[in-house]
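Subject: Structure for your review

Dear colleague,

Please find below the structure I said I would pass on, followed by my notes on it.

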Amino acid sequence: MTKNWRLKEIVLMSILGVVFGVIYLVFFIVGEGMRNILAPFGLAPFGYEIIYGVWFIAPIMAAYILRKPGVAFTAECIAGVVEVLLGSAAGPGLLLSAAIQGAGAETVFSLTAWKDYRLRILILSGISTAVISFAWHLYSAGMIALAPWLIVSTLAVRIISAALISGVLGKWLSDQLAKTGVLRGYALGKAWQRKRKHASA
Amino acid sequence: MISSINPSMKMVAVLLPGILLGLTYDVFTPLMYFIFILIVTFSMTHISILRWLKLFSPFLMLAVSFAWMTMLYANQTFSGGQEMFRFWLFEVTSGSFQTGVSVGLRSLCFGALSLLFILTTDSTKLMLSFMQQFKLPPKITYGILAGYRFLPVFQHELQTLRQAHRIRGVSRARGIKGSVNQFRRYAIPLLASGIRKAERVSIAMESKGFTDDADRTHYHNMTVKKRDWLFLVLMIGVLIAVFVLSYYFGYLQIFGRQF
């Protein structure tokens, strides 16, 4: 699988992991604000659910830009490793959940045989990531002990966050990047160039 | 000393107990293991207690908020027993109280294990060990290391961007539309320059003869010695011992079922 990846594609995944690792920290402050409001009602973890989609941006953007099998899974694992390298206090656990989330993102792309990268597929991929990561948290964070309505609404918030932040925002960011021309050497940039040629012809 | 344990082995030794602890819903098991982690942390490493407490406090907050949520909203399987106290519209029973404390203690265990790993592991050695022990392809190993080294550059660039915006009089954004715009103003240039760097650094590496050949020599040889296995056996062994002890005393609860 890794044989037909070029080194610059792997470095790109790693850099996506670093940039979104930093961006997540910014969002984290927003999440903490939400948490403090919700804390007395015992709904504090909801604050983080809202920004959960930021975790899934890296694999979806990487898959959308590079368009090769295994990219979504690897990019999320790399993002997890980068988080450990940066010395994030939650490091090793993040690595584990990154592998699970990456598998969730990859599933949808594999169902399209890694050919379809329209917005709906990216959103579906975000949703599948949210569902699979949620299943893991049901077990690891003991959320299975919660009342059914709370489990369902937490899952719903996470799905919406994933669809909006990783699906819609991820695609938008990648398209904006393609416009600047830096992606000329990658699959998405080439697709853009082809489109432009069609438009001018 | 834990800082000299092979990083890959340490990763396994920290992750496995973390996964297995997810099974328990009683107070005794995670509490005992948490005490064990504390003993390991302070007897086998040089971490100062103050520094550890500072890094650990976010986990404490998280654990308390998880415990509180579980206490208030535990479902029927987990909320048996007498009512202990009331809070506004919620009643907390002994069952849901116990489940809440257990879930909180479990996340404290995750936090302590995680800190034990992070504070005693060198980033570069971790990657080299992943390559040599877990057979991660060299292309991925060095690709990750190259990308991660750009972090200080990103921080510097973020600062430059901020100053450039300020000098041109771009004020802080207000409202949702404003913050989306602000996000774009920072994210796009950061990512664009990141991608250019990815390209440049990989061309530089390849032009100097870097290949993905797994049959390569290493400047730092990472090995697995007997003491690495001993550490793994210690971490897993004590966990099993705690499970057995807790079963023996009749505390053990897995998914709300008493054993």
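For chain A as a whole the mean pLDDT is 85, and 92% of its residues reach 70 or more. Where pLDDT is low, the predicted coordinates should not be read in detail.

This is a predicted model, in which local features need pLDDT of at least 70 and side-chain atom pairs count only at pLDDT 80 or more, while totals for chains, interfaces and linings use all residues. Residues are numbered from 1 along each chain as its sequence is written, and chains are lettered from A and ligands numbered from 1 in the order in which they are written.

Chain A has eight helices and zero strands, where helices (H or I, at least four residues) and strands (E, at least two) are DSSP runs numbered from the N terminus. The C-alpha trace of chain A spans about 60 × 35 × 30 Å along its principal axes. Its radius of gyration (taken over C-alpha atoms, with a globule rule of 2.2 Å times the number of residues to the power 0.38) is 17 Å, which agrees with the value near 17 Å for a compact globule of 201 residues.

Chain B comes to nine helices and four strands, in the order α-α-α-β-β-α-α-α-α-α-α-β-β from the N terminus on. Chain B is more spread out than a compact globule, because its radius of gyration is 24 Å, well over the 18 Å that the globule rule gives for 259 residues. The C-alpha trace of chain B spans about 70 × 55 × 35 Å along its principal axes, and 36% of the 259 residues of chain B count as buried. An assignment, automatic or from a database, divides chain B into domain 1 (2-122 + 223-258) and domain 2 (136-207), whose C-alpha centres lie 37 Å apart.

As for the interface, the contact (C-beta atoms, placed from the backbone, within 7 Å) takes 56 residues from chain B and 48 residues from chain A. On the side of chain B that touches chain A, α8(B) gives the most, with 15 residues. The residues on that side divide into 36 nonpolar, 14 polar and six charged, with Ala, Val, Leu, Ile, Met, Phe, Trp, Tyr, Cys and Pro counted as nonpolar, Asp, Glu, Lys and Arg as charged, and the others, Gly among them, as polar.

Helix α5(B) also deserves a look. B:Leu126, B:Met127, B:Leu128, B:Ser129 and B:Met131 are buried there, and what covers the buried residues of α5(B) includes α4 (71-85) of chain A together with α1 and α6 of chain B. Just after α5(B), B:Lys135 takes a positive phi of about 60 degrees.

Finally, the unreviewed UniProt entry annotates residues 59-76, 96-119 and 229-249 of chain B as "transmembrane region", although such annotations may be inferred rather than shown by experiment. Residues 59-76 of chain B are 83% helix and 0% strand, with end C-alpha atoms 28 Å apart, whereas residues 229-249 of chain B are 95% helix and 0% strand, with end C-alpha atoms 30 Å apart.

With best wishes

Terms used: pLDDT = per-residue confidence, 0-100. Contact = placed C-beta atoms within 7 Å. Buried ≥ 20, exposed ≤ 12 C-beta atoms within 10 Å, placed from the backbone.
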